[in-house]
Amino acid sequence: MKSAWTIGKREFLSFFITPSGYVILGLIALLTGTAFVLSFLTYVQISQSPFQFGYSSVPDFEETFLSPYFVFCGIMIMFLSPIITMRLLSEEYHRGTMELLLTYPLRDRDIIFGKFGSALIILLLAIILIALNVCLLLPFSDVEWSVLLFGLCSVFLMGMAVLSVGLFISSLITYPITAGLVSFGIYLLMFIVGNVAEKLPASAPLPGTFPIILKGMIERLYILFRSLLLELPLDNHAKNMALGILEPKDIAYYLLCTAFFIFLTFRSLESRNWRK
Amino acid sequence: MIEVQKLTKYYGLFCALKEVSFSIQKGERVGLLGPNGAGKSTMMRILTGFMPASYGTTKIGHYEIHEYPLEAKRLIGYLPERVPLYDEMTVKSFLKFVAQVKGVPRSELKSSVDEVVHTCGLEQVFYRIIGVLSKGYRQRLGLAQALIGSPPVVILDEPTVGLDPQQVVEIRELIKNLGGKHTVLLSTHILSEVSLLCSRALILNKGEIVAEITIDPSRPSAEIEQAFLKAISKEGLD
Ligand SMILES: Nc1ncnc2c1ncn2[C@@H]1O[C@H](COP(=O)(O)OP(=O)(O)OP(=O)(O)O)[C@@H](O)[C@H]1O
Ligand SMILES: [Mg+2]
């Protein structure tokens with residue numbers, strides 16, 4: 001594990017020698033900060049005259065402001081994360097430095113955990129930036145610490161899962177820009193699919209004259225399909241969690257997702273040793 | 001120290017190495033010669049565990065590289081042909097990183113970095129960023145990262161390419177001094193270099209070892225040139 005630490009440290013420092021570390025943290029600070037101010041001002045307006053905005057009373061602070069804000073932050077991190085992950089392994093292949101790493105006395109796990117660890121530290125820095133925003137609320141509202149902490153945790157968990165997907169893609173594609181674009185495309189697709197899935201009706205829209213036998217089957221398939229679309233996208237589970245609803249299935253979803261993609265990355269790195 | 005048996009490597013359908021076998025004793029310096037595309041770099045990449053062979057075994061010390069990669073790689077210092085380096089790092093931080101990855105203990109870190117910096121003549125550029133180094137200095141840094149931690153087996157793919165004449169002499173002297181303690185396998189296109197540095201030369205052509213020459217230090221170096229051309233043209237006539 002000492003070697004993993006060394007690899008991770010080098011990766012992390014390289015991030016801040018090149019501009020990419022500053023770019024991603026700067027963008028996150030800018031976007032989440034702006035979003036914070038704008039949505040907070042909107043909430044203030046709404047709570048001053050709730051009737052104008054169609055609310056019958058002052059809407060719940062956590063539900064209308066805090067939780068959507070956390071979800072927004074998670075989605076920002078998701079879309080910016082290719083800047084982090086496209087470098088992790090693709091760049092080593094592209095520059096040929098993989099030839100050094102793979103001939104040094106290193107295990108695959110040193111390389112993978114080192115790289116993933118450095119990405120997690122950058123994620124942590126991003127979370128700290130977001131935390132700075134929401135901590136501004138503490139003196140002015142009765143939001144509890146635990147709610148904020150839980151929201152930040154959900155952003156972190158989501159970010160971790162996203163980084164593991166990016167790491168895996170980075171291990172497959174030896175050209176960093178392509179790896180970044182492919183990850184970005186996948187996140188975009190998931191985001192769109194997740195949003196569309198929410199608008200699908202709960203049961204299959206079949207005409208009433210449809211044969212009964214087929215109807216049951218199609219109904220089942222449709223429900224399966226719909227729940228897959230609802231459950232698979234990375235950002236959907238953060239919505240519950242950011243509301244402060246602690247459901248083991250949401251946490252498990254992110255942890256399992258991370259473990260699964262780290263596992264795939266191991267297989268992908270190992271595949272070089274399969275004799276051809 | 002290095003034992004290769006029936007090593008075969010296919011790139012798709014193309015056969016880059018055909019049942020190559022040889023062995024190198026401890027402390028020997030062996031040159032790998034051959035025309036472009038003969039398979040020298042392929043051989044070295046397999047020996048260092050960067051890629052697997054299609055068939056055959058490679059033993060470094062007592063360890064089969066494919067079965068005990070970690071133990072075998074601890075014994076190897078490797079200079080790849082294209083000298084890949086982390087361009088954004090400084091020479092200093094890169095060498096420290098390599099020493100740590102190779103498991104040099106913390107207390108010896110500085111002395112082992114200083115040692116390779118001295119032997120490879122990197123003092124002048126020690127605090128520079130690798131991306132701005134000249135070709136020759138990159139080559140020296142590649143050599144330095146291979147030698148750091150003083151591995152018993154040193155595998156160098158064209159080590160003197162791009163060096164200035166004085167540095168060529170110095171690096172050759174360095175490689176010569178590596179013999180005895182270290183086992184050295186190097187590839188080169190300069191025939192006289194082999195007769196200067198090595199006790200033995202393997203000539204590779206189209207993935208096969210076509211000749212093995214023991215170099216007599218008292219004989220003139222023209223001999224190896226003849227042997228090389230003969231070995232390669234013989235292959236061409238078949
Ligand atoms: N990754 C690869 N995929 C397909 N073919 C390859 C690959 N690497 C090398 N080859 C082919 O294998 C053969 C041997 O290549 P290799 O690099 O080992 O030659 P070499 O002896 O080092 O040549 P040089 O003296 O030019 O460095 C060449 O014909 C090359 O085109
Ligand atoms: Mg070569």
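## Elements around ligand 1

Helices are DSSP runs of H or I with at least four residues, numbered from the N terminus. In this predicted model, H1(B) contributes three residues to the shell around ligand 1, the most of any element. Helix H1 of chain B covers residues 40–47, and strand S2 (14–24) of chain B, like helix H1, supplies at least two residues of that shell.

## Composition of the shell

The shell around ligand 1 holds 13 residues, and the closest include B:Lys40, B:Ser41, B:Thr42, B:Glu81 and B:His189. By class, the shell residues comprise six polar, four nonpolar and three charged.

## Polar contacts and cover

Ligand 1 has an oxygen atom 2.6 Å from a polar side-chain atom of B:Ser41. An oxygen atom of ligand 1 also lies 2.9 Å from a polar backbone atom of B:Gly39. A nitrogen atom of the ligand is 3.3 Å from a polar side-chain atom of B:Tyr11. On its own, ligand 1 has 640 Å² of accessible area, of which the protein covers 62%.

## The loop residue B:Ile129

B:Ile129 sits in the chain B loop that runs between helix H4 (109–119) and helix H5 (135–147). Its relative accessible area is 41%, so B:Ile129 counts as partly exposed, the class between under 20% and over 50%.

Beyond its neighbours within four places in sequence, B:Ile129 contacts B:Asp87, B:Glu88, B:Met89 and B:Thr90. B:His118 is 11 residues from B:Ile129 in sequence, and their C-alpha atoms are 18 Å apart in space.

Key: Residues numbered from 1 in each chain as written. Chains lettered and ligands numbered in written order. Predicted model: local features only at pLDDT ≥ 70, side-chain atom pairs only at ≥ 80, totals over all residues. Heavy atoms only, no water. Buried < 20%, exposed > 50% of the residue type's maximum accessible area, 1.4 Å probe, protein only. Contact = heavy atoms within 4.5 Å. Near = heavy atom within 4 Å. Polar contact = N/O pair within 3.5 Å; in protein donor to acceptor, adjacent residues only side chain to side chain. Areas by Shrake-Rupley, 256 points an atom, 1.4 Å probe, with all protein chains shown as cover. Nonpolar A, V, L, I, M, F, W, Y, C, P; charged D, E, K, R; others polar.
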